[in-house]
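Visitor: I have not looked at this one before. Can you put it up and take me through some of it?

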Amino acid sequence: MSIVEEINCPHCGAPIAFEPGEILATCKYCGYTVVIETGQTFTYEHSLLLNKYDPAQIEEPIRGWMREGFLKPPDLARKSKMLEKELIYLPFWVVTVETKSSYKGIFERIAPAIMKEGTIEKGYDWLVLARKATVFPTKEYEVPLEGKIPYDFRRIEAFAKILNSEIDKSDAEEQAKQEIEDDHRFLAQQDVDRIVEIKTEIKIEKTVYLHAPVWFVKYGYKGKTYQLIMDGVEGTAIKGDIPAAGFRIL
Ligand SMILES: [Zn+2]
């Protein structure tokens, strides 16, 4: 059990509950987002992606996912039972960046080895999950950012759960930079065999606080429980456990 604490909303005065470790909290009654430590209003852009499904409707794309792909048991969609469907608005920091990496390395695949140089220039909306202990496949999540609107608490369903940020903006930006550097190092390693030097410049254009609707699903199949994570905007699977199709001798 986590201990829930409260502060008063600076906008409407209603109590806002938060848990230890959370940095931002959003008022359930008026949608105001407050910085817990200072009690000040959160002044950066706060966005929302809209969920399109209720607990009954989300079953359709779930069964659709179960039917597709040859790795799944053929009776998966028919035989699975929905055990749990929970809609959670997860907090993210979306860090919009322009990046450029210049690298120098040794190309050893030919003899004699040569020194090779290259650049990687890319723009990203880099996604950082604003939670510390939550396990979420951020890399696999193609956030449909086109549909984002300014945060509007009236669009959040009563049955949904909202998580607050545990990571502040500057830490999220640091994390994004680190991940981008690692990513570019990985990309450079596809081009040269041994990196001698790599320099990455990252220009942050803006950082937006975003709540995105994600369905956490548990389903049962042949006596076992499996998990599936679905995007609530487009109804696509973000990541899911697939039961082994069973060994078949042909
Ligand atoms: Zn309020």
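Guide: Start with a strand pairing: Ile106 has Met115 in E8 as its bridge partner. This is a predicted model, where local features need pLDDT of at least 70 and side-chain atom pairs 80 or more, while totals for chains, interfaces and linings use all residues. Residues are numbered from 1 along each chain as its sequence is written, and side-chain values use heavy atoms, without hydrogens or water.

Visitor: In which sense do E7 and E8 pair, and over how many bridges?

Guide: Strand E7 (residues 81-107) and strand E8 (residues 114-129) are antiparallel, with 16 bridges. Pairing takes at least two DSSP bridges, and strands are DSSP runs of E, at least two residues, numbered from the N terminus.

Visitor: How many residues sit between them in the hairpin?

Guide: The E7–E8 hairpin has 6 residues between its strands.

Visitor: New topic. Which residues are the protein donors of the zinc ion?

Guide: Cys9, Cys12, Cys27 and Cys30, each through SG, at 2.3 to 2.4 Å. Donors are N, O and S atoms within 2.8 Å of the metal (3.2 Å for Na, K and Ca); water is not among the atoms, so sites may look incomplete.

Visitor: And how are they spaced in sequence?

Guide: The donor spacing is C-x2-C-x14-C-x2-C.

Visitor: Is Cys9 buried or exposed?

Guide: Cys9 is buried, because its relative accessibility is 4%. Cys12, at 39%, counts as partly exposed. Buried means under 20% relative accessible area, exposed over 50%, and partly exposed in between (1.4 Å probe, protein chains only).

Key
Helix = DSSP H or I, 4+ residues; strand = E, 2+ residues; numbered from the N terminus.
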